[in-house]
Amino acid sequence: QVQLVESGGGMVQAGDSLRLSCAASGRTSNIFRMAWFRQSPGKEREFVASMPWKIGLTIYADSVKGRSTMFRDKAKNTVYLQMNSLKPEDTAVYYCGVKPSENSRYDSWGQGTQVTVSS
């Protein structure tokens, strides 16, 4: 079992930056990849970024590519999403999730952290 706690969201102006955090605890040995998703009211949850827990390629959605960076602090078992040049369309609840194996879905989630970007 893996527990995830997101933090770092807030209210910012367009063009500002935020760093979101996702602290993982419990059976982190079951983590294959970690990902950030986001969801706005009335919309489906959408993929933002993902990275391997240990080593591999980090990928980004086209909507955030070039202005967002996902990385991990291994000593803290925490992954981050650094978001720069924020846009109003980035407004959403951001969740981190766990993918336990290559062929599995993301099946564990945190409580989410709200990001609100005003123009």
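Which residue stands opposite threonine 113 in β11? Tyrosine 94 holds that place, in a predicted model where local features need pLDDT of at least 70, side-chain atom pairs count only at pLDDT 80 or more, and totals for chains, interfaces and linings use all residues. Residues are numbered from 1 along each chain as its sequence is written, and side-chain values use heavy atoms, with hydrogens and water left out.

**Overall build**
- The protein has zero helices and 11 strands, where helices (H or I, at least four residues) and strands (E, at least two) are DSSP runs numbered from the N terminus.
- Buried residues, meaning those under 20% relative accessible area with a 1.4 Å probe and protein chains only, make up 45% of the 119 residues.
- The C-alpha atoms fill a box of roughly 40 × 30 × 25 Å, taken along the principal axes.

**Strand β11 and its partners**
- Strand β9 (residues 92–99) pairs with β11 in the antiparallel sense over three bridges, pairing being called if DSSP finds at least two bridges between two strands.
- Strand β2 (residues 10–13) runs parallel to β11 and is joined to it by four bridges, and valine 12 stands opposite valine 117 in β11.

**Serine 68**
- Serine 68 lies in strand β7 (residues 68–73) and is buried, with a relative accessible area of 6%.
- Leaving aside neighbours within four places in sequence, serine 68 is in contact (heavy atoms within 4.5 Å) with Tyr60, Leu81, Gln82 and Met83.

Key:
Buried < 20%, exposed > 50% of the residue type's maximum accessible area, 1.4 Å probe, protein only.
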